Amino acid sequence: MDLITTPLHDAFAPVAISYVLAAMGLNIHYGYTGLLNFGQAAFAAAGSYAMAVTIVSFGVPFIPAILLGLAASVVLSLVMGVPTLRLRADYLAIVTIAVAEILRLLFSTSFKKYFHARDGVSGFTGTFRSWNPFKDMEGTFLSFSANDLWVMVVGWIIVALVSTLVFLLMRSPWGRVLKSIREDEDAVRSLGKNVYGYKMQALVLGGMIGAMGGFVGALGLASVQPDTFNTDFTFIAFTMLILGGAARVLSPAVGAVLFWGVLSFMSVALSELSDIVPGDLLDSNRIGNIRFAVVGLVLMLLMIYRPQGLFGDRKEIAIDAR
Amino acid sequence: MPADRDEPTLDKTTLDKAPLDKAPSHRAATDGKAGLAGLAGLSTDPGVAKPDPILVATGMTRTFGGLKAVDVAHLEIQRGVITALIGPNGAGKTTFFNLLTGFDRPDAGERWFNGRSLKRVSASRVARLGMVRTFQLTKVLSKLTVLENMRLGATGQLGEKMWAGWLPFLWRDQEKEVTGRARELLTRFKLDTKEDDFAGALSGGQRKLLEMARALMVGPELVMLDEPMAGVNPALKQSLLGHVKSLREEGMTVLFVEHDMDMVRDISDWVVVMAQGQIIAEGPPDAVMADQRVIDAYLGAHHDVDITELDPEVVALEVEAEIGAEHGSTGASTTEELER
């Protein structure tokens with residue numbers, strides 16, 4: 001039974017939601033606008049640290065702390081975007097990946113009074129948990145705790161709202177300008193659009209959605225730790241986005257759920273297999289690595305035989321091949 | 001003598017194109033004839049003043065390393081006529097185009113559009129002011145449909161603001177108006193059957209048409225075409241020629257870069273010749289093409305003499321005289337000397 005319930009549990013858990021939101025932000029950056037942001041982890045980190053530290057160290061109430069977290073992600077977008085968005089796409093990629101690493105190292109080594117180094121910040125979930133309407137449902141649904149259930153309901157509602165917003169925006173003339181910038185920004189400039197301004201708006205919006213991913217992850221874990229936000233965070237989110245198909249509204253959600261589901265299924269299946277197979281062939285210590293190798297193989301096959309992702313449009317990919 | 005050459009073309013009323021419904025009202029006052037008449041009897045020296053210039057550039061220079069790609073002392077573009085910018089490869093035509101439209105910044109110099117200085121004005125703002133360009137290598141937005149490409153060209157769309165984008169009822173009416181105008185232009189450019197195709201699926205010639213039609217969506221006063229005929233088959237070339245002429249009929253000013261001399265002779269009212277970054281001559285097409293400076297720039301000073309008939313000593317003397325003259329003048333750049 002674990003082969004089904006554990007993957008289901010992991011695919012919809014708070015951690016998965018935080019990746020869904022991070023990938024949705026990346027979808028606006030990369031999928032629609034063509035901005036190569038390799039530092040989505042920085043937006044999630046800035047958002048969740050700002051929220052957690054203001055609550056724990058400064059006693060700010062929960063809702064204003066969330067708003068401060070969003071504000072932090074906006075400031076971060078400006079810091080990254082102002083110097084680089086006038087330049088070629090590569091420069092944004094370099095700056096974002098550097099800023100993400102700088103932030104992670106800053107949180108894990110400096111201002112220990114506020115950030116508590118590798119232990120992370122905890123003790124900020126009180127208000128949120130006090131609103132939990134599912135307190136008596138502990139462990140009844142897929143063995144989720146009552147707190148997880150509450151985070152998941154709120155998290156998936158946020159995912160639904162953000163998806164609706166992205167859907168509406170991307171079929172508007174605003175979304176048309178973003179997609180055009182992805183195709184050729186000089187052409188857009190020649191038609192009288194302020195390309196820099198649009199890129200900045202896209203960076204800010206995607207960054208704020210990434211920060212929301214940080215909030216959900218933090219509330220799910222009840223702590224904010226620097227190592228959550230290493231470069232893997234960004235690249236796993238990218239993987240999920242491409243798995244679903246870039247520039248499709250629902251592809252980050254489906255991609256993330258599938259990714260976690262398959263990853264979790266692999267580890268359960270492999271650990272059951274390791275009971276049967278002799279230890280020399282499949283050691284239970286190696287399962288963690290083997291499952292990533294298998295998922296990588298699946299992704300490679302997907303990119304070879306379905307390069308547009310699960311939801312992408314084959315005709316669009318064919319245009320690139322010209 | 002040059003102006004009446006084009007009179008028959010102007011009087012032709014065979015062009016039954018749909019007029020642009022978004023033409024600014026002041027265009028009616030400056031119809032093509034007035035613009036063209038103003039060119040009559042002008043001298044053919046580089047930088048000659050025009051009676052009604054829409055675009056003026058002065059002292060524009062741009063260097064790439066040691067190479068002075070553009071060094072234009074003065075140029076005025078007459079309103080309401082078709083001006084061609086020609087010159088050998090590497091003359092700096094496209095760089096000059098980029099400087100005029102704000103896609104590149106000059107090292108020095110100033111330019112005015114409709115009397116308004118364009119110093120420190122961004123390329124997108126220049127386009128909104130009414131000076132729209134196309135590109136030598138066509139830039140269609142491949143993964144958008146032909147109709148979406150056209151819609152993008154419309155300016156002042158409320159739906160392009162982020163705060164209004166997600167509220168469709170705010171911009172739906174405007175979108176309908178924009179779509180109507182886009183369809184009209186697509187019909188005129190014979191792309192109406194392609195409106196739902198991805199722009200990336202169009203042929204090279206159709207892309208040229210789409211780019212020109214999309215530029216017209218902006219509602220420009222001055223259309224700048226960078227090699228509109230490059231890589232276009234002869235049949236389509238004729239239709240493109242008709243479209244460029246019809247822009248003038250509608251009161252727009254056209255400035256285009258072109259290598260195809262037949263086209264230049266056929267449609268341009270005024271020709272500006274660039275060589276080595278400088279404007280070496282300008283004037284009506286026939287006069288310019290007969291100009292000795294232009295022939296020398298394209299073909300070399302001895303192009304019509306059999307090399308065996310040249311007296312080596314005479315040539316040597318000429319070269320020495322030229323070198324002497326260059327050393328005498330302070331303006332000679334190092335690259336020019338290197339080339340010799």
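Colleague: Which residue in β2(B) stands opposite F64(B)?

Modeller: L67(B) stands opposite F64(B). This is a predicted model, in which local features need pLDDT of at least 70, side-chain atom pairs count only at pLDDT 80 or more, and totals for chains, interfaces and linings use all residues; side-chain values use heavy atoms, with hydrogens and water left out. Residues are numbered from 1 along each chain as its sequence is written, while chains are lettered from A and ligands numbered from 1 in the order in which they are written.

Colleague: What makes β1(B) and β2(B) a pair?

Modeller: Two strands pair if DSSP finds at least two bridges between them.

Colleague: Why is β5 (116-117) of chain B called a strand?

Modeller: A strand is a DSSP run of E of at least two residues, and a helix is a run of H or I of at least four, both numbered from the N terminus. β5(B) covers 116-117, so this run qualifies. β5(B) and β2 (67-78) are the edge strands of an open antiparallel sheet of four, in the order β2-β1-β4-β5. Within that sheet, five bridges join β1 (residues 53-64) to β4(B), and L55(B) has F113(B) as its bridge partner.

Colleague: Which strands stand at the edges of the six-stranded sheet of chain B?

Modeller: β6 (131-133) and β10 (278-283) do; each has a single partner strand, so one side of each is left without a neighbour in the sheet. The order is β6-β7-β8-β3-β9-β10, with mixed pairing. One parallel pair is β6(B) with β7 (residues 222-226), over three bridges.

Colleague: How do you know that helix α12 of chain B packs on the sheet?

Modeller: Contact means heavy atoms within 4.5 Å. α12 (residues 292-299) touches β3, β9 (270-275) and β10 of chain B. Its direction makes about 130° with that of β10(B); axes are lines fitted to C-alpha atoms, for helices over the stretch in contact, and angles run from 0 to 180 degrees between N-to-C directions.

Colleague: How many residues of chain B score at least 70 in pLDDT?

Modeller: pLDDT is the predictor's confidence in each residue, from 0 to 100. The share at or above 70 is 84%, and chain B averages 81. Over residues 1-33 the pLDDT is below 50.
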